[in-house]
Amino acid sequence: MQKAIRNILICIATLFLFFITDRAVAHIFQEITTQSKIRFSRIYKGNIDAKILIIGNSRGVHSFYAPDIQKVTNQKTFNLSYNGMSTQIATEFFKDYLENNSAPRLLIIETTFLRDNNNLLKNVKMYSKRSKGIGFLFKEEQPKSYLATKLSNTYAYNSEMFFRNLYYLNKTDQTWISRKVIKPDFINNAVPKSANINLPREENIEALKEMLRLCNKHGIEAKLVIAPYLPEYLASLQNFTEWKSIVAEAIDDTPLYDLSDALKDSNHFSDTLHTNYNGATELIDAMKANGIL
Amino acid sequence: MLFNSLEFLVFFPIFLLVYFTTKGNVRTAFCLVSSYLFYGWWDWRFLGLILLLTTINFYLGIIISKTDSDAQRKRSLFVSCFCSLAILGFFKYFNFFLDSLAEGINKLGIEWNFGTLSIILPVGISFYTFQTMSYTIDLYRRKIEVENSFLKFATFVAFFPQLVAGPIVRASTFIPQLYHDHKFDWKRFGDGMCIILWGFVMKSAVADSLALVADSRFAQPYLYSSLSLLIGVIFYSFQIYGDFCGYSLIAIGIGRILGYDFGINFNRPYFAISFSDFWQRWHISLSSWLRDYLYIPLGGNRHGRIRTHINLLTTMLLGGLWHGANWTFVIWGGLHGMYLILQRIIGPFYNSAINILKIPKALSHLFLIFTIFTLTSFAWIFFRATSLSDAIYIITEIISFEDMRFSSVNNKFQVGKGLILITMLFLCEAISFSKPFPHIKDHCPWLKPFFIVVCLLTLSLFGTFGNNAFIYFQF
């Protein structure tokens, strides 16, 4: 009996040791990530004070190169886009941005994030403590993961985002852009002859409307843009016109700039969906010509 | 039911509670019913197949042991092996042979299509057929006593920890253990939990994290650069190790808690300094099965050099085919067969060269470890590739060294995480050279709580969750 009690006590002590270590490690991680220069961590530090803010999914990341836009416009530019970011998640980060930083003059929205789901929550769960909106979405949509972060706080840092936080600890992530060029072989063999773009999700349309309302409230000029697609891929999109009309209907009189066919040269793309650095540079001219910048 | 599922998290504590409050035949019956439940959770229809194999081998086992007539003993063994192999052959290889036959005939210029049957491969069939075969063969060889209790024999065949993906437990090891009423033991519980936890680290943290990189490379190799593909291949080598070793460790750990010893199934295989050493460290229960029931009966190394080489090649080719019905598996087995033959030819010259040049043993070992790992990884390309043409594309693309810049690598952060995990695994295995890593705490019991905490933190920080099935389920 004594042995059993001793062993049960050892089990409890082991769990307690885990509990303490877990909290301590999570606390250290939080301190480290607060210092990171990655876009989302910078929101909560404040003082970004950009005049031009860009938001979207991976097409937003690779189509709009903030340092060059800043050079051309002479206005501080900040890209808040992230791979796979849905409009719902983007709206929550945008709210946090406005709460912690001064409002920008112009918000450029890459609209294809209307098709994305909220899978990115797994990746940005480390911000659920700092952001009410992200925390709420995370709890609602991924209750099991949410519970896991409560049991083990370090689980919140189990994501690619944490590694990116470490990587950008002492350098800006605003220079993040693809420099690859799509292989001709890939264009010839792997670009589909017929494809469809996922239609905008209802909850994302609502989130976009909220984002536009916030812009209105803070006197921010919002411009919606469709970034370029590889011409061969764009030609294969069957429901692109339908997709555009759904977006146009949702945004009333906010301008929608369709630059999907602005780049014709495949050397400006890293794959079917994303421009590379050369493409992003070319796109700045198209944005100027269209009055976006 | 998967070990890494919520269902198992509910199943196992209930099983444990009832297991330790029962005794004798009641406990054995409970083990059998639970094992069938565990298996039936996936597809109950195939329980009939296990029961059929169990019944056939149980009664043939009795005939083999009770009769003195050599002819009848041989006949019974033949029927037993035939039934096991016929069932395995039908479910696993029927479509493969039909396809291969049609392809062969088409190559002769004759248009022929046999069509295929939509056959579901029963999970774990390769494991439990080998287990039942080893029983009747051992009985025939008079190496073990016959098992007269159907209940105990059925439990041996279907015992859930090792039913679906091994280790392939021999009757001589397991059945005698069924006769003991194992009591709950804190030490075994602690040891078992440590082994299970380390198994989960290997599976959920190491294997499943590496899978994200490796799977994408093998799914669409033409999208990736040479360096990306090379990373994919190296990651797969560790993925399959983490995945399979993880499963074996969880099975062994569960067995340990319940009072059973299954032995070890992996012993730091990537530290092997020869291919024969590799096969004494990798999937030990299968390689020893192939050695005892195939290689040695074929003649082993007793009939001269050429026959030895033929026996080695045959054993490895069949070992490859055991893994799956695809020519890629046969090539994988064939490559390992060739490696073993080449090692026998080159080995003596290498050893002489080392002695003459007075190269330090440690340096030679490092070179050998690197060489064995490289050649093993090369063979894994065939094992993992979805087709022969994909495998050849991957190899030619890597060998071309066309784009070896790190900037050409996709998913760099996943790659970074993978490298951290591989380094961690390497260090853990390196510091436990004399014993497999989870056993190292046996030397310092006070390390156990720290070991558990570190495993839990590793799982929390690096684990990839989402009911990822174990690779060896498909075999």
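The legends below accompany close-up views of a predicted model.

**View 1. Chain A as a whole.** The secondary structure of chain A is made up of 14 helices and five strands, and the C-alpha trace of this chain spans about 80 × 45 × 35 Å along its principal axes. Chain A has 293 residues, of which 54% count as buried. When contacts in chain A between residues at least 6 apart in sequence are considered, 83% of them join residues at least 24 apart. The accessible surface of chain A comes to about 13400 Å², and carbon and sulfur atoms account for 52% of that surface.

View 2. Helix 1 of chain B runs through residues 6–21, and its 16 residues reach 24 Å from the first C-alpha to the last, which is close to the 22 Å expected at 1.5 Å a residue. The buried residues in this helix include B:F8, B:F11, B:F12, B:F15, B:L16 and B:Y19. These residues lie on the same side of helix 1 of chain B, because they cover an arc of only 130 degrees around the axis. An α-helix has 3.6 residues a turn, so residues three or four places apart point the same way. On the other side of helix 1 of chain B, the residues B:L9, B:V10, B:I14, B:L17 and B:T21 are exposed.

View 3. Helix 10 of chain B has 33 residues and reaches 48 Å from its first C-alpha to its last, close to the 48 Å expected at 1.5 Å a residue. Of the 33 residues in helix 10 of chain B, 31 are buried, so this helix is largely enclosed by the rest of the structure. Just after helix 10 of chain B comes B:G259, which takes a positive phi of about 110 degrees.

**View 4. Confidence of the prediction.** Chain B averages a pLDDT of 86, and 93% of the residues in this chain score at least 70. Within chain B, confidence is lowest in helix 4 (residues 70–107), where the mean is 82, and highest in helix 15 (residues 361–384), at 94. For the complex, the predictor gives an ipTM of 0.83 and a pTM of 0.85.

Terms used: Residues numbered from 1 in each chain as written. Chains lettered and ligands numbered in written order. Predicted model: local features only at pLDDT ≥ 70, side-chain atom pairs only at ≥ 80, totals over all residues. Heavy atoms only, no water. Helix = DSSP H or I, 4+ residues; strand = E, 2+ residues; numbered from the N terminus. Expected span 1.5 Å × (residues − 1). Buried < 20%, exposed > 50% of the residue type's maximum accessible area, 1.4 Å probe, protein only. Arc of directions from axis to C-beta. pLDDT = per-residue confidence, 0-100. Contact = heavy atoms within 4.5 Å. Areas by Shrake-Rupley, 256 points an atom, 1.4 Å probe, with all protein chains shown as cover.
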